[in-house]
Amino acid sequence: MKQILLARRYAKALFELAILEKTSDAVHADMEIIAAVMDENRELRRVMSNPLITPSKKLSIMQHLFGEHISALSLKFFAVLIHKGREQQIPEIALQYQMLYLEHNNIAVAELVTAYPADESIKNTIAALVKQGSDKKLLFRTSTNPGIIGGFKLKINDYLLDATISNIIAKLHKEFDKNLYIKRF
C-alpha cells in the first residue's frame with residue numbers, strides 16, 4: 001500500500017508537470033511504453049532493483065533503451081527517480097500516471113472478452129449502450145477466450161457484465177442441481 005501511494009505521488013508530480021508543459025499526451029505514450037517493457041522484461045526489473053549497480057549505470061541503461069523512443073521530460077523524470085533511489089518504483093509510477101491521465105481525460109478502460117475477435121461494430125454498440133449511463137469515453141482492451149463459448153464479458157472499473165454462454169450454462173447447472181421434488185426429512 002505504501003508503495004502505491006509513493007508511486008501515485010511521483011506520477012501526480014509528473015502529470016502536473018506534463019500538463020504545464022502541454023506534453024501530457026506524449027508522456028502518456030511514454031508511460032505505456034515503459035510499463036509494457038518493464039512488465040515483459042524481468043531482467044530489466046532485476047537490474048533496476050540491484051543495489052550493486054550504480055545509479056549512473058542504471059541511468060545510462062535507461063537512456064540507451066528508451067532515449068530515442070520517449071520524450072525528454074520522461075527521461076529527465078527517470079534521472080530524478082534513479083538519483084533518489086526510486087528506480088524500483090518505475091513500473092508502478094508508469095501505471096499510476098496512466099490512471100491519472102485517463103481520469104483527467106474522462107476515459108474509462110473497458111475490458112472486453114469475447115469468444116472470437118470483436119470487430120468495430122460490436123465495440124460501437126457496447127460504447128453506445130454504456131454512453132446512456134455514463135459520460136465517459138471508452139478505451140477498449142479486447143481479448144478472446146474460446147472457453148466462454150459465446151457472448152461477452154465486459155469489465156469497466158469495478159463493474160462486470162457477464163453475458164457469456166458459459167455463465168448461462170453454469171447457472172442452469174446450479175438450477176438443475178436443486179431438485180425440488182426430493183423429500184427432505
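Biologist: At roughly how many degrees do the axes of H2 and H5 cross?

Modeller: The axes of H2 and H5 come within 9 Å of each other. Such axes are lines fitted to C-alpha atoms, for helices over the stretch in contact, and angles run from 0 to 180 degrees between N-to-C directions. Helices (H or I, at least four residues) and strands (E, at least two) are DSSP runs numbered from the N terminus. The crossing of H2 and H5 is at roughly 55 degrees.

Biologist: This is a predicted model, in which local features need pLDDT of at least 70 and side-chain atom pairs count only at pLDDT 80 or more, while totals for chains, interfaces and linings use all residues. Residues are numbered from 1 along each chain as its sequence is written, and side-chain values use heavy atoms, with hydrogens and water left out. Which word describes how H2 and H5 lie to each other?

Modeller: Angles under 35 degrees count as roughly parallel, over 145 as roughly antiparallel, 65 to 115 as roughly perpendicular and the rest as oblique. H2 and H5 are therefore oblique.

Biologist: Against which helices do the buried residues of H1 pack?

Modeller: H1 covers residues 2-20 and reaches 27 Å from its first C-alpha to its last. Leu6, Ala7, Tyr10, Ala11, Leu14, Phe15 and Ala18 of H1 are buried (under 20% relative accessible area; exposed is over 50%, partly exposed in between, with a 1.4 Å probe and protein chains only). These buried residues pack against H2, H5 and H6.

Biologist: Is Lys22 buried or exposed?

Modeller: Lys22 lies in the loop between H1 and H2. Although Lys22 is not a glycine, its phi is positive, about 55 degrees. With a relative accessible area of 74%, Lys22 is exposed.

Biologist: With which residues is Leu44 in contact, leaving aside its neighbours within four places in sequence?

Modeller: Leu44 belongs to helix H3, residues 42-49. It counts as buried because its relative accessibility is 4%. Beyond those neighbours, Leu44 touches Val37, Met38, Ile61, Leu65 and Phe66.

Biologist: Which strands stand at the edges of the sheet?

Modeller: The open sheet of four strands has mixed pairing and the order E2-E1-E3-E4; two strands pair if DSSP finds at least two bridges between them. A strand with a single partner has one side left without a neighbour in the sheet, so the edges belong to E2 and E4.

Biologist: Which residue of E4 is the bridge partner of Leu154?

Modeller: E1 and E3 pair in the antiparallel sense over five bridges, and Leu112 stands opposite Leu154. On the way to E4, six bridges join E3 to this antiparallel strand. There, the partner of Leu154 is Leu161.

Biologist: Which residue in the turn between E3 and E4 has a positive phi?

Modeller: E3 and E4 form a hairpin with two residues between them. Most residues other than glycine have a negative phi. A positive phi near 55 degrees, in a residue other than glycine, belongs to Asn157.

Terms used
Expected span 1.5 Å × (residues − 1). Contact = heavy atoms within 4.5 Å.
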